[in-house]
Every structure is written in C-alpha cells, then in structure tokens.
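These are my notebook entries on one structure. I record what I looked up, entry by entry.

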Amino acid sequence: MTAATRQGLERPAARAVGIVVLAGYALWLAATTPFSSPANILTALAIVAVVVMTIIRWPARPTRVMIPEEDRPRHPYLGWVVLLALVVAWELVMYLVRGSRSAHPTLSSMADAFDRYNYGLKAVACFAWLWLGTAIVRAGTQTTSRAAGREAVPS
C-alpha cells in the first residue's frame, strides 16, 4: 500500500469533519442574499482561507518530476483555453442577440435565477465551490511524508 493511500485511510475522521465544516459553511453562505455584505464577507473569508492554506501547504521549492518527452502533453492548458473561449463566446452571443434575457440568458443571469429561488441548489453550488478550492490546495500539497522520504532508496 502506498504512503498516499495509507495517509487517506488513516485520517477518515479528519475528512468527515472537513466535509461537515464545508457543508455547514455552504449552508450559511447559501442563506445570504447575493452581493450583500454578509455574502461578500463569507465569500472573501473562503477565498482568504484558500490563499492562506496554499501558502502554508504548498512547497516553496517543489521537487521537480522528470516526465519523458513522449509522455508530456503537447498543450497542457488547451482544455482550460477551450473552456474559457466557450464561456466568452456564449456570453458575447447571448449579449448581442436581440430579444429578452429570458430567451437568451447569459451565464450570470442563469446563475442569478439559480441562486434566487432554490436554497438547496444554491447550497450544493456553494459546497462544490468550497470543495473545489480545497481540492486545488490538496492537489498542490506535497504528499510524501518525512518518514516516506527516509524509506526511499536512492537510485
């Protein structure tokens, strides 16, 4: 069993507590009115928490992983660029099309409709946003422990 797998199995209580905390925070955030002071403060606190955890958990000098040239993706950011281009194109087309906003909604107007009427869906969206932030921080965190590093055999 790998060290990362063992680490995940050794801390199920911490994961459960983290999920409960994120769910509670998402419910609290979902109960606020969009763009009100409480909503802005709760959103800012979540963003600051991710920034602080990134500073604490991400290594200052990460170890480089050597990937063979044939295994490297040609354009590692291509998926993100395509997604951004699709979102921008959707927004521009919906903005420029004549007619009512309900006939041609922008993403922000769809999000407003989503947020305005259904507390449960808004809470799920808030939870997904908070979980994504923690997932990004965890993805950048070094997973090797000091004990695992001592057990490694130099090649």
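In which helix does V87 lie? I looked up V87 and found this residue in helix α4, which covers residues 78-96. I note that the model I am reading is predicted.

I next looked for nonpolar surface around V87. I found a nonpolar surface patch of about 570 Å², made by Y77, W80, V81, L83 and V87. I then checked the accessibility of V87, which is 33% in relative terms. Residues in such a patch need over 30% relative accessible area. I class V87 as partly exposed, because its value of 33% falls between the limits of 20% and 50%.

Entry on aromatic pairs. How many aromatic pairs does the count give? I recorded one aromatic pair. Y25 and W28 form this pair, with 5.8 Å from centre to centre and 80° between the planes. I class the arrangement as edge-to-face, because the planes are 80° apart and the cut-off is over 60 degrees. I located both Y25 and W28 in helix α2, residues 12-30, where they are three residues apart, or about one turn of the helix. I also looked up W28 by itself: W28 is exposed, because its relative accessible area is 53% and the limit is over 50%.

Entry on R116. Is R116 buried or exposed? I found R116 exposed, with a relative accessible area of 54%. R116 belongs to helix α5, residues 107-117. Finally, I compared the positions of R116 and A30: they are 86 residues apart in sequence, and their C-alpha atoms are 9.9 Å apart in space.

Terms used
Residues numbered from 1 in each chain as written. Predicted model: local features only at pLDDT ≥ 70, side-chain atom pairs only at ≥ 80, totals over all residues. Heavy atoms only, no water. Patch = residues over 30% accessible without salt bridge, like charges linked within 9 Å, V, L, I, M, F, W, Y side chains within 5 Å. Areas by Shrake-Rupley, 256 points an atom, 1.4 Å probe, with all protein chains shown as cover. Salt bridge = Lys/Arg side-chain N within 4 Å of Asp/Glu carboxyl O. Helix = DSSP H or I, 4+ residues; strand = E, 2+ residues; numbered from the N terminus. Buried < 20%, exposed > 50% of the residue type's maximum accessible area, 1.4 Å probe, protein only. Phe/Tyr/Trp six-rings, centres within 6.5 Å; stacked < 30°, edge-to-face > 60°.
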